[in-house]
Amino acid sequence: MQCPYCGGTDSSVIDSRPGDEGVRRRRRCLACGARFTTYERVQSHNIFVVKKDGRREEFNRDKLSSGIRKACEKRPLPIGIIDKLIDSIETELYHSGKVEMSSTIIGDLVMQELEKLDHIAYIRFASVYREFADIGVLKQVVDSLAEEEKSTPVSNQLPLLPSHVVNHLVGHKRK
Ligand SMILES: [Zn+2]
C-alpha cells in the first residue's frame with residue numbers, strides 16, 4: 001500500500017470497516033505520518049471459517065486481529081508489523097480460492113508467522129489456541145524454540161542483545 005504523499009510503502013491501519021466498495025481502511029504512513037483511506041477488495045468471495053465444533057462463521061479480520069494483538073501485547077515489535085502480518089494472512093486466505101477454511105488451518109498459519117516474528121508472542125498465541133493439555137507439552141515447545149534460537153541466533157528474531165554484542169558472541173556479522 002503506497003502512501004499517496006511520499007510514496008512510502010509502510011503504513012499502519014488505524015481503522016478498518018466493511019463497506020459497499022470493499023474494506024475501507026484508514027491508514028497512517030509510517031514514513032511521513034500522512035493519513036489516507038484505501039478501499040480494498042481482496043475478496044472475490046466470502047470465506048467461512050469452520051470451527052472445531054463444526055459451526056461456520058464468516059471470516060472476520062477484526063477477530064483474527066484481536067487474537068494476534070493480544071499475543072503481541074507489550075512485545076518490542078516495530079510499529080506496523082502486526083498489521084502487515086494480518087494483511088499477509090488475510091491475503092493468503094483469499095488467494096487460496098477456498099470458500100471454507102477450518103479454524104485450525106488459520107490458527108496454524110498464524111503460528112507459522114508468529115514463530116518467525118517473536119517467540120514470546122508465538123508461545124502466548126499457541127497456549128490459547130492449542131489449549132495445551134498440560135505444562136509438559138508447553139515446556140517441550142518452549143525448549144524446542146530455545147534450541148532453535150541457540151542454533152540460529154541471527155534469524156529474524158528480535159535480538160535480546162544489541163547486534164554488535166550478538167556479533168561478538170556469534171563471531172560473524174549480521175547482514
Ligand atoms: Zn508518506
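A donor, in this tour, is an N, O or S atom within 2.8 Å of the metal. The model on display is predicted.

**The zinc site**

Begin by selecting the zinc ion together with Cys3, Cys6, Cys29 and Cys32. The SG atoms of these four cysteines coordinate the zinc ion at 2.3 to 2.4 Å. Along the chain, the donor residues follow the spacing C-x2-C-x22-C-x2-C. Cysteine 3 belongs to the segment before strand E1 (11–19), whereas cysteine 32 sits in the loop between strand E2 (22–29) and strand E3 (35–40), so this pair ties together parts that are 29 residues apart in sequence. Next, display the angles at the metal: the four donor atoms subtend 105 to 115°, and the arrangement is therefore tetrahedral. For reference, the ideal angle for four tetrahedral donors is 109.5 degrees.

Now colour the cysteines by accessibility. Cysteine 3 is buried, at a relative accessible area of 4%. Cysteine 32 is partly exposed, with a value of 41%.

**Serine 12 in strand E1**

Move to serine 12, which is found in strand E1. The residue is buried, its relative accessible area being 8%. To view its surroundings, select Arg26, Arg27, Arg28, Leu30, Gly80 and Asp83; serine 12 touches each of these, when residues up to four places away in sequence are not counted.

**Helix H2**

Select residues 81–95. H2 has 15 residues and reaches 21 Å from its first C-alpha to its last, close to the 21 Å expected at 1.5 Å a residue. After the helix comes glycine 97, with a positive phi near 75°.

**The aromatic pair**

A search of the whole structure finds one aromatic pair. Phenylalanine 59 and tyrosine 94 form this pair in an edge-to-face arrangement, with 6.1 Å centre to centre and 85° between the planes. Phenylalanine 59 is in the loop between strand E5 (56–58) and H1, and tyrosine 94 is in helix H2, so the pair ties together parts that are 35 residues apart in sequence. Both residues are buried.

**The largest nonpolar core**

Then select Leu64, Ile68, Ile89, Leu93, Leu114 and Phe125. Within the largest nonpolar core, which has 29 residues, these touch the most other members. Helix H1 (61–72), H2, helix H3 (103–117), helix H4 (119–129) and helix H5 (135–151) are the elements that give two or more residues to this core.

Centre the view on phenylalanine 125. Its contacts, leaving aside neighbours within four places in sequence, are Gly67, Ile68, Ala71, Gly107, Val110, Met111, Leu114 and Arg130.

**Lysine 74**

Finish at lysine 74, in the loop between H1 and H2. Is this residue buried or exposed? Lysine 74 counts as exposed, with 81% relative accessibility. Its phi is near 65°, a positive value in a residue other than glycine.

Definitions and conventions
Residues are numbered from 1 along each chain as its sequence is written. This is a predicted model: local features need pLDDT of at least 70, side-chain atom pairs count only at pLDDT 80 or more; totals for chains, interfaces and linings use all residues. Side-chain values use heavy atoms; hydrogens and water are left out. Helices (H or I, at least four residues) and strands (E, at least two) are DSSP runs, numbered from the N terminus. The expected span of a helix is 1.5 Å times one less than its number of residues. A nonpolar core is a set of buried Ala, Val, Leu, Ile, Met, Phe, Trp, Tyr and Cys residues joined through side-chain atoms within 4.5 Å. Buried means under 20% relative accessible area, exposed over 50%, partly exposed in between (1.4 Å probe, protein chains only). Contact means heavy atoms within 4.5 Å. Donors are N, O and S atoms within 2.8 Å of the metal (3.2 Å for Na, K and Ca); water is not among the atoms, so sites may look incomplete. Four donors count as tetrahedral if all angles lie between 85 and 135 degrees; four count as square planar and six as octahedral if opposite donors are over 155 degrees apart and all others between 65 and 115; anything else is irregular. Rings of Phe, Tyr and Trp (its six-membered ring) pair if their centres lie within 6.5 Å; planes under 30 degrees apart count as stacked, over 60 as edge-to-face and the rest as tilted.
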